[in-house]
Amino acid sequence: MLVKSSSTLITVLVGIGAALLLFWILNKLAELLPGRWEHRVKPYLYILPAFASITVYLIYPTILTVNNSFKDNLSRNYVGFRNYTTLFHSQEFRETLFNTLLWVIIVPSVAVVLGLAVAVLTDRLSPGAEKFSKTVLFLPMAISMIGAATIWRFVYAAEPKGQPQIGILNAFIGIFNWGPIAWLQKSTFHLNSLLLMVILLWAQIGFSMVLLSAAVKGVPADTLEAARIDGANERQIFFRVTVPQIKGTLITVLITVTIGTMKVFDIVYVNTNGDFNTNVLGNLFYNNISTFLNYGAASAIVVILMIAVIPIMWYQVRHFRAEEAGAS
Amino acid sequence: MTDTATTPVAATPTGKQRKKATSFDPNPAKAGWLTKTVLTVICVLWMVPLLGTFITSFRSLDAVNSSGWWTVFRHPTTMDLTLDNYHKALTGNAHMGRAMINSLAITLPATFIPILIAAFAAYAFTFMEFPGRDVLFLTIVSLLVVPNYVAFVPILKLYRQLGMNGTFPAVWLAHIGFGMSLAIYILRNYMATLPKTIIESAKIDGASHYQTFFRLVLPMSVPALAAFAIFQFLWVWNDLLVALVFIGPGENEPVTVGLTHLKTQLGQGWELTTAGGFLTMIVPIIVFLALQRYFVRGLTAGAVKG
């Protein structure tokens with residue numbers, strides 16, 4: 001253990017030291033150049049490592065992935081659109097796509113509505129109680145999805161009938177002589193997928209609550225007061241004064257949770273590995289690169305995901321430009 | 001842009017919201033009993049799964065398999081709790097102790113190195129003029145939402161050729177690449193709020209960009225650096241997919257991968273998964289509770305990550 005610890009520590013220090021050294025060398029290189037050139041080249045040297053990492057880990061793989069999606073399972077020969085047609089013809093993929101769609105529709109909207117509700121409600125508490133309840137709701141954000149899956153196992157666990165139930169949900173319905181139900185195997189009305197979504201929501205509500213809470217607190221009090229003087233009731237004030245003023249944050253939260261949900265992987269992987277009709281694109285992608293070793297199909301799945309984020313990307317750039325124009 | 005040299009901390013782009021415009025009570029709708037009840041119920045619901053797992057982690061295998069965790073409250077005197085699970089998880093075949101060291105070895109460089117790289121880039125984007133600057137920055141903004149799944153197959157092949165699979169630098173570099181666009185985005189947005197006059201005067205005094213960066217801009221950007229650091233720390237520590245693909249099971253596996261073994265290999269070991277689960281959670285929970293304020297700011301700053 002000691003050897004392991006110290007060799008690990010050395011690796012860590014070498015890694016961080018190498019990064020520092022890199023910039024020192026780059027800067028020295030720039031200073032070697034004659035005056036005018038130094039100033040021309042320096043900015044590019046400063047952004048070089050950043051762009052190198054982005055190029056190697058995002059831009060170049062994107063191009064390669066699009067290319068691979070038109071090749072066979074080991075990326076040797078071009079096969080045209082075969083990966084895509086095979087995917088869309090398989091019942092399993094269509095179910096996976098539909099499940100992912102369910103996740104992407106349900107999770108972000110519930111996260112926003114519930115997050116906003118909690119943000120508004122906690123805003124009315126005393127400062128101490130507000131801080132406490134926010135920490136409670138926010139804490140699951142620090143927990144990994146695999147940790148969350150471990151935790152929720154004791155909620156959804158099912159033992160054969162007659163034996164004591166160790167999952168709290170089955171123990172609860174057992175009080176009413178109902179069950180036990182193997183929750184995560186029940187795909188009627190996608191119940192098991194919905195229950196897996198609960199785990200993600202449990203972990204994510206804190207995120208949307210914190211962002212929306214900051215936005216709600218930022219609504220100028222005089223606009224609320226003006227509405228009140230004009231005789232608006234609390235509900236009208238909320239929907240006509242507060243909500244329009246926090247629209248920006250609502251959209252940000254919706255986008256962020258949507259992107260996260262599109263890529264959902266861990267929860268499904270550790271709970272059901274996609275069985276019982278719970279599969280999602282993220283897990284199917286992982287199965288394709290790890291178990292099936294079908295890189296063509298895996299690449300095609302990623303390309304489908306990328307096409308899905310293009311509208312968001314477009315919105316993001318437009319939004320950024322508008323903000324920059326407004327700031328300067 | 002204002003020319004007054006306000007303190008940079010007061011000028012966070014993201015942290016504190018506008019002050020209430022007026023002094024009268026902004027919230028006449030104080031919490032009634034209904035609000036309090038609803039929130040109490042929600043908070044209890046949020047904590048029950050966590051509490052259940054926590055209690056289970058101290059119970060023996062027999063107890064776990066034969067009764068629900070809540071039954072310990074029925075006989076508080078004979079709770080029969082044990083530290084065995086933690087002992088086994090740390091020292092036995094589960095290797096969670098080793099995995100925790102690995103997780104630290106992965107997480108620390110994967111947190112600090114991208115900050116340094118991104119800070120340099122953000123400095124150039126904020127304080128230096130060069131052709132192509134705006135186009136390059138827009139590229140970064142648009143890459144924020146690209147799913148990192150694109151990288152797995154190509155990088156896996158690249159690593160295989162280089163013989164890098166399973167090594168720490170393999171995951172460091174991957175996390176650096178995946179976190180880079182968000183880091184630059186957050187830091188650049190923050191640096192844009194720093195008073196330009198101070199940087200100008202440093203230049204007049206003959207300071208080089210390198211000196212200005214390390215002596216002025218970096219210390220002034222600490223809130224944003226801390227925000228991203230926590231964000232990235234939690235992200236890397238809790239990551240499963242990148243670790244599974246580029247490190248996989250074995251000598252260098254981090255806690256998230258270790259925990260998946262506990263779940264699958266030792267099918268009988270429920271009680272170990274709970275102890276192992278808490279071992280994986282303890283570090284991020286401490287980091288999170290201690291630095292919650294900065295974390296919130298980080299989230300508000302650059303909420304979108306692909």
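In this predicted model, N273(A) sits in the loop between α12 (266–271) and α13 (281–290) of chain A. N273(A) counts as partly exposed because it has 15 C-beta neighbours inside 10 Å, which falls between the limits of 12 or fewer for exposed and 20 or more for buried.

Next come the domains. Chain A is split into domain 1, covering 2–52, and domain 2, covering 87–327, and the C-alpha centres of these two domains of chain A are 39 Å apart. Chain B is divided too, with domain 1 at 30–82 and domain 2 at 83–301. Taken over C-alpha atoms, the centres of domain 1 and domain 2 of chain B are separated by 33 Å.

How many residues do the two domains of chain B bring to their contact? Domain 1 of chain B puts in 9 residues, and these touch 9 residues of domain 2 of chain B. On the domain 1 side, α1 (33–56) and α2 (61–66) of chain B each supply at least two residues. The largest share of that side comes from α1(B), with 3 residues.

Turning to the two chains, the contact between them draws 92 residues from chain A and 96 residues from chain B. On the chain B side, helix α4 (residues 96–127) gives the most, with 15 residues. Sorted by class, the side of chain B that touches chain A holds 67 nonpolar, 24 polar and 5 charged residues.

One helix pair gives a closer look at this contact. The axes of helix α1 (residues 2–32) of chain A and α4(B) come within 10 Å of each other and cross at roughly 5 degrees. The crossing angle is therefore one that makes α1(A) roughly parallel to α4(B), since anything under 35 degrees goes by that name. From α1(A), the residues involved include K4(A), T8(A), V12(A), I16(A), A19(A) and F23(A). Among those they meet as a group in α4(B) are R98(B), I101(B), A105(B), L108(B), F112(B) and F120(B). The contact of α1(A) with α4(B) comes out at 14 nonpolar, 4 polar and 2 charged residues.

Helix α9 (residues 209–220) of chain B also meets chain A, this time through its buried residues. The buried residues here are H209(B), F213(B), V217(B) and M220(B). Why do they count as being on the same side of α9(B)? They cover an arc of only 100 degrees around the axis, so they share one side of α9(B). The buried residues of α9(B) pack against α4 and α7 (168–191) of chain B, together with α2 of chain A. On the face turned away from that buried side, α9(B) carries the exposed residues R215(B) and P219(B).

Note on methods: Residues numbered from 1 in each chain as written. Chains lettered and ligands numbered in written order. Predicted model: local features only at pLDDT ≥ 70, side-chain atom pairs only at ≥ 80, totals over all residues. Helix = DSSP H or I, 4+ residues; strand = E, 2+ residues; numbered from the N terminus. Contact = placed C-beta atoms within 7 Å. Nonpolar A, V, L, I, M, F, W, Y, C, P; charged D, E, K, R; others polar. Domains from an automatic or database assignment. Arc of directions from axis to C-beta. Axes fitted to C-alpha atoms, helices over the stretch in contact; angles between N-to-C directions. Parallel < 35°, antiparallel > 145°, perpendicular 65-115°, else oblique.
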